[in-house]
Amino acid sequence: MAMKRRKAATIASFALVALTVFSSSLWASDAHTAAQPVRFWEDSKDIPTSEEGLPDPNPPFDLFTTSGRFNYPYTLRHNLVDRRVPRKWRTLNLENEYLKCTVLPDLGGHLYTCIEKINGASMFYANPTIKFARIAYRGMWAALGVEFNFPVSHNWMTVSPVDFAMTREADGGASVWVGNIDRAYGMQWRVQLTLRPGRDYLEQKTTLYNRSDTRHRFYWWTNAGVEVWDDSRILYPMEFTAAHGFADIDTWPVNAAGVDQSIIGNQKYGPVSRFSYGSREPYMAVYHPHTRSGVVHYSSPLDLPAKKIWSWSSDEDGLDWRTALSDNNSAYVEIQAGLFRDQETYGFLEPQETRAFTEYWIPIRELGGVARANPDAVLNLTRQAAGADRAGLEIILNVTRELPNAVITILNGTQPVASAHESLSPQKTFRKTFPGLPASAAYTVELRNETDEVLLRHTEGQYDFVSRDKVQTGKQPSHEYPAEPNRGADDFLALGTDQESNGELPVALTTYQRGLARFSDSIALNQATGRLEVILKQYAAAAQHLSKALAWMNSDHETAYYLGLALAANGDERGARSQWEFAQQSESYHAPAIMMLAAMEARAGDRERGLKMVQQGVNNRPDLTREGAIEIALLRTLRRQPEATKRLEYWKQQDPTSSFLRYEAMRMGQSDPGLFAHLAADPERILEIATDYMRFGLYEDALDVLSRQYPSGEEVVGEPGVLHPSSYPLIAYYRGFCRYVLGQDGRADFVAASGMPTTYVFPNRPESFAVLHRALEINPDDATAHFLLGSLYLSGAMTGPAIKEWETARKLKPSLPTLHRNMGYAILQSSESPDRAIELFREGMKYDPDNVDLYLGLEEAMDKAGRPPGERARALQSFPKLQSAPAALVFRLVQVLGEAGEFGQAERQLANRFFPREEGAASVRQIYVALRLARAKSLAAHGQCSAALDTVHHAGDPVATLPFTARGLGPFLASGVSKQTVSEIQAVCR
């Protein structure tokens, strides 16, 4: 976006209060003067940034996913170019006396930097280059600042534009708000970052909100990148750590191998990825002797009980990652705080459920270490021996606000033994040694303010740890499910629930169905199956299973609620009403059920009654911001303008990022110059507003937002590949649908939609069924509607109906991009012959010749059909842009050529190419090492042992035409697979 630099602070009119500008010179005055209001403003910053090509046009349906990362309906962003260019990024800025913080709303809302003005150090990793690598769920990820992870790690929008706002707080503070409603689950995260006047910390308040109709898996991890040097120290108050998946428990800071992992320079043995175990302490920190500064994170164990440390380390692979993620080879660690014990553990957020928690980021200086921390102060406490029985106690303190007439007291038990009266300030580190204390005692330090309130208290060596005798280090027992013939109903239920929590919804449904095949009368299995079928939009089957479960347990409110959803989707609103009226009696399902009933009343024309029910639902629930927005819309349409205006201001305080609230404010006459550009950047934002209106029968309002002329050009900041609303077929289909509901003619909209591009259009909203079916009633030969309907079916794992719609689209318009790819892979996932898939992939190449998935799918189908490696290699080599082919095709081609014994040809495929790093996937070094060893094994099998052993001996040598061989091969040569291959070669060549 072309930004006009503003020296005066600016903010969109949607902010809660007008901005007042303050010169930073006000903060240069005496530290004891009254704190000044916090400045906040929008600006821009030029940062060298990786170039990125267009995303993958192929929809990543869950049924096709093998990586464990489920991304539909998002695009995959894998098209990375090895080149950085200057890019102007919008910034949202906060500044008080002590801190100056910058947020990047177009990079997932990352908190980019927070500079401590006293010493000029940044608390976080302000990477001077935005250098992408394939790490995130969708691919692109950058190492910088603080990342917000919900409902999955390195989430779908981590380097994409998100919703944002800036507000003035009542105490003179200011906040930057960032958040997003995800497309996959319809859930929202929202973070409020606040600087307070006179406070030397950044406050972070997070709200997680399942605004959808069904439960979904989730976790939360705040992930802060912190730049480090070899002498930097990780200061977590813990004695034990756990591995991913709770596979083992080890000691901290010195692990079982005798390595002190808290010192960065010692991390030379692969990535360090450990979770705190057995500690309820609320803080964690990193301190840098290099700069005599650091950062503390604080959050109550009632808020975020879990902590993690991550480091790439400085082995060969870790150094390679430094190159992949930065242009200055800087190192960083990640300090992370989360809700659950590890990142393999997910919970379920129920419909209309919220979670909220608070964190603090505190800069530290001149401390040397951390013994105790909270939002008021950070303490380091050290002993200095003074003879056989005496010691000096050095107290070093950073405070986060002015504390005139503070008292620091040392106690032996409850008895004070020394004290100091000081006026403390964030501007100066307090340091004092109390000499001559008996060495045998464990002393307590208290910090009190002038009103005698205890701000911090710490006793030497005392932490809230689990008793050591209750911890068994080493490998931990894991739960194994019985073999399928030996499973009971509870085993099927537990396994399916695990699979749901991992996002494997089609797999979980199959598990439940297999359980029902053996235990058809299981209430729990019928309930779980029906609930998941509702989530997958398989409403007819869901109604059967849920009705069966409810017949046996008619007091279950959850089952009644989901049965109501299934019945309503099947057109039985009377039956749905009965179920929701029962479900709303439950505290857990009152809010979602009452909203369904309110929407039903409003759609039937009784908006007054619908409004009363909405207000009943949001009463004492300020977290239900989706329903709050509907309250305003209903008040406006009922012409209750003063009340609507008052409630609008209330709900904007709860969620100033809401596009719906911004749109309602505009409808009510408020100015918001940036709103339409924000909506234009992602057509799904428009559909989100429209579907909320449609749910309550407000079709005129839905038509209004769908019919707007949205801007284009530099002011519209979106991610690569996003279509403009004027070219997005679902916008036009929804517009035509609304016209028909209103008794108008929507045919022109349907005709326009049918001619729009379908690339990057991945429907998944349940409302789209009615919209697309209506379009096909008007024009059964609409190939675009059939194609999108097929995608909608497959988004719910309904392969049969999807293929049927796509087959119709193929007859009408076979040139639709990704059509044959989708059909071919759907066939491969079914029980049909791979020959059918081969036919579809080959046919697709005539219409979509540059689609890599057609060639990969063809090779996979040929492999299933038993075709030889040479023939499969030729299929891959027929890709017309082989020299610039993506890594996935090149790596597979290398493997297949290796299987065919064409090792020289395989190795040549790796020359003169850029291969982006990808975490958790095969790297070019891994592929190369496997190829070299496969060549050696082939030589050995043909009796050429001298050449075979020579190939093994030189497998790690650099090759001039393959720059990636210059370093980093060691870990792959030392892997278990490589060692096994070498052993097999040596066994042949003895």
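This is a predicted model: local features need pLDDT of at least 70, side-chain atom pairs count only at pLDDT 80 or more; totals for chains, interfaces and linings use all residues.
1. β19 and β20 form a hairpin, with four residues between the strands. In the turn, Arg292 has a positive phi of about 55°.

2. Is β19 buried or exposed? Six of the six residues of β19 (residues 283-288) are buried, so the strand is largely enclosed by the rest of the structure. In a regular strand, side chains alternate between the two faces of the sheet. For β19, both faces are covered: Tyr283, Ala285 and Tyr287 are buried on one side, and Met284, Val286 and His288 are buried on the other.

3. A separate point concerns helix α6 (residues 557-569) and helix α7 (residues 573-583), whose axes come within 8 Å and cross at roughly 155°. The angle therefore makes α6 roughly antiparallel to α7. The crossing of these helices is left-handed.

4. Which residues make the contact between α6 and α7? On the α6 side they are His557, Ala560, Tyr561, Leu563, Gly564, Leu565, Leu567 and Ala568; α7 contributes Gly575, Ala576, Gln579, Trp580, Phe582 and Ala583. Of the residues in this contact, ten are nonpolar, four are polar and none is charged.

Key: Residues are numbered from 1 along each chain as its sequence is written. Side-chain values use heavy atoms; hydrogens and water are left out. Axes are lines fitted to C-alpha atoms, for helices over the stretch in contact, and angles run from 0 to 180 degrees between N-to-C directions. Helices (H or I, at least four residues) and strands (E, at least two) are DSSP runs, numbered from the N terminus. Angles under 35 degrees count as roughly parallel, over 145 as roughly antiparallel, 65 to 115 as roughly perpendicular and the rest as oblique. A crossing is left-handed if the near helix is turned anticlockwise from the far one by less than a right angle, and right-handed if clockwise. Contact means heavy atoms within 4.5 Å. Ala, Val, Leu, Ile, Met, Phe, Trp, Tyr, Cys and Pro count as nonpolar, Asp, Glu, Lys and Arg as charged, and the others, Gly among them, as polar. Buried means under 20% relative accessible area, exposed over 50%, partly exposed in between (1.4 Å probe, protein chains only). Two strands pair if DSSP finds at least two bridges between them.
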